[in-house]
Amino acid sequence: MVIHFYRLAGFFLLILAAIGVVLPLLPTTPFVLLAALCFSKSSQRWHQWLLQSPTFGPGLLRWEQQRCLNCRTKVIALFSSLGVGGASAFFAVSEPRLQLTVFALLAVGAVVVLRIKNCASAR
């Protein structure tokens with residue numbers, strides 16, 4: 001029963017990640033990382049499929065083996081979240097307290113990304 005839950009959760013998270021590719025407010029990377037975790041607990045076939053993906057595989061392997069992100073990924077994560085989140089706070093939220101809340105959450109997210117270890121350069 002637990003294996004089926006993890007497999008179903010993995011597919012659901014992959015769907016959210018795919019939506020996040022085209023919808024700027026929804027992040028892709030955390031959903032792919034969580035999907036990989038779910039598949040590692042439920043389906044070696046799907047876990048290997050993710051690891052062999054040309055798009056997600058290299059980053060997932062680095063994350064699973066070294067628990068690190070490369071600088072390019074960090075920069076993209078920071079600028080996209082701060083850019084989209086900041087624009088949302090300015091243009092979509094009119095209540096100052098809610099704007100502060102959005103900026104506080106963005107700051108927490110930025111701190112989390114910055115605290116993740118940098119991967120060594122592959123030269």
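The model is predicted, so a local feature needs pLDDT of at least 70 and a side-chain atom pair needs pLDDT 80 or more, while totals for chains, interfaces and linings use all residues. Numbering starts from 1 along each chain as its sequence is written, and side-chain values use heavy atoms, leaving out hydrogens and water. In outline, the chain has six helices and two strands, and a search of the whole structure turns up one salt bridge.

**Overall layout**

- Reading from the N terminus, the elements go α-α-α-α-β-α-α-β; helices here are DSSP runs of H or I with at least four residues, strands are runs of E with at least two, and both are numbered from the N terminus.
- Taken along the principal axes, the box filled by the C-alpha atoms is roughly 50 × 40 × 20 Å.
- Of the 123 residues in the chain, 29% are buried. Buried means under 20% relative accessible area, exposed means over 50%, and partly exposed is in between, with a 1.4 Å probe and protein chains only.
- Take the contacts (heavy atoms within 4.5 Å) between residues at least 6 apart in sequence: 56% of them join residues at least 24 apart.

**How H2 meets H4**

- Two packed helices are described by the angle between their axes and the distance between the axes.
- For H2 and helix H4 (residues 57–66), the axes come within 11 Å and cross at roughly 65°. The axes are lines fitted to C-alpha atoms, for helices over the stretch in contact, with angles from 0 to 180 degrees between N-to-C directions.
- On the H2 side, Val32, Leu33 and Ala36 make the contact, and on the H4 side it's Leu60, Trp63 and Glu64.

**Aromatics**

- A pair of aromatic rings is described by the distance of the centres and the angle of the planes.
- The rule used here pairs rings of Phe, Tyr and Trp (its six-membered ring) if their centres lie within 6.5 Å; planes under 30 degrees apart are stacked, over 60 edge-to-face, and the rest tilted.
- That rule gives six aromatic pairs.
- Phe11, Phe39, Trp46 and Trp49 are tied into a cluster by ring pairs.

**The salt bridge**

- Arg97 bridges to Glu95, and their closest N and O atoms sit 3.5 Å apart. The cut-off is a side-chain nitrogen of Lys or Arg within 4 Å of a carboxyl oxygen of Asp or Glu.
- Arg97 counts as exposed because its relative accessible area is 65%, whereas Glu95, at 34%, is partly exposed.

**Two serines**

- Ser43 is in the loop between helix H2 (29–42) and helix H3 (44–51), and its 8% relative accessibility is why it counts as buried.
- The Ser43 side chain reaches the backbone nitrogen of Trp46 at 3.2 Å. That's a polar contact: a pair of N or O atoms within 3.5 Å where, within protein, one must be able to donate a hydrogen and the other to accept it, and residues adjacent in sequence count only if both atoms are side-chain atoms.
- Ser81 belongs to helix H5 (residues 71–91) and is partly exposed at 31% relative accessibility.
- Ser81's side chain reaches the backbone oxygen of Ala77 at 2.9 Å.
- Leaving aside residues up to four places away in sequence, Ser81 touches Gly86 and Leu106.
- Ser81 and Gly109 are 28 residues apart in sequence, with 8.3 Å between their C-alpha atoms.

**Other spots to look at**

- Arg67 isn't a glycine, yet it has a positive phi of about 55°. Arg67 lies in the loop between H4 and strand S1 (68–69) and is partly exposed, with 47% relative accessible area.
- Leu23 lies in the loop between helix H1 (2–22) and H2, partly exposed at 42%. Leu23 and Arg97 are 74 residues apart along the chain, and 25 Å separates their C-alpha atoms.
- Thr101 sits in helix H6 (residues 96–115) and is partly exposed at 41%. Thr101 and Pro27 are 74 residues apart in sequence and 19 Å apart in space, C-alpha to C-alpha.
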